[in-house]
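Trainee: I am new to this structure and would like to learn how to read it, feature by feature. Could you give me the general idea each time and then the case here?

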Amino acid sequence: DLENVRVGVVQMAPVWLKREATIEKMISYIEDAAAKECHLVTFSEALLPGYPFWIEKTNGAKFNSKVQKEMHSWYMKEAVQIEAGHLDPLCRLAKEKGIFIVAGIIERPLDRGGHSLYCSLVTINDQGEIVNVHRKLQPTYEERLSWSPGDGFGLKVQQLGQFTLGG
């Protein structure tokens, strides 16, 4: 068991609304954290594929807006579908480097029909397994125009050596 945990905290900008390019960028940070002997590397909320800041800047609540429909459609296209294997490159790297990864994603789960987006926190263990997906319980302010409310199902912890990891 680990007596100490070295944590890499990543503050990076996504390649906004480009899932694959953002994953490639994340990989470089994970490799760097692993080279520095981190046991865990964390990424911010909504990093993959990015925060929906256009809503605030473009009258997001306007009814039947062509701009909002187009932006939301693109956002959904670039959101993460775990079932489709979008996070497989991160899972492979976690296993290869023996590192836990915690990442904020915009999730479009197929088991919910594939029509809702969730601001989710994904935990990948050092064996490359997705061991938890926590969906934000209550999106705030403009986020409610894009993200669905989550539930308590993902409020779980994981063991990292002798430490308890939650988010």
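Mentor: Let us begin with strands, where Ala 103 stands opposite Val 122 in β4. This is a predicted model, in which local features need pLDDT of at least 70 and side-chain atom pairs count only at pLDDT 80 or more, while totals for chains, interfaces and linings use all residues. Residues are numbered from 1 along each chain as its sequence is written, and side-chain values use heavy atoms, with hydrogens and water left out.

Trainee: How many bridges join β3 and β4, and in which sense do the two strands pair?

Mentor: Two strands pair if DSSP finds at least two bridges between them, and strands (E, at least two residues) and helices (H or I, at least four) are DSSP runs numbered from the N terminus. Here β3 and β4 are antiparallel over seven bridges, and β4 also runs antiparallel to β5, to which five bridges join it.

Trainee: Which residues of helix α4 are buried?

Mentor: Buried means under 20% relative accessible area, exposed over 50%, and partly exposed in between, with a 1.4 Å probe and protein chains only. In α4, residues 88-97, the buried ones are Leu 90, Cys 91, Leu 93 and Ala 94. Seen down the axis of α4, they fall within an arc of 165 degrees (taken from the directions from the helix axis to the C-beta atoms), so they line one face of the helix. The face turned away from this buried side carries the exposed Arg 92, Lys 95 and Glu 96.

Trainee: What do the buried residues of α4 pack against?

Mentor: Contact means heavy atoms within 4.5 Å, and the buried residues of α4 pack against α1, β3, β4 and β5. As for β4, six of its seven residues are buried.

Trainee: How should I read the aromatic pairs, and how many does the structure hold?

Mentor: Rings of Phe, Tyr and Trp (its six-membered ring) pair if their centres lie within 6.5 Å, and planes under 30 degrees apart count as stacked, over 60 as edge-to-face and the rest as tilted. The structure holds four such pairs. For Trp 16 and Trp 54, the centres are 6.0 Å apart and the planes at 65 degrees, so the pair is edge-to-face.
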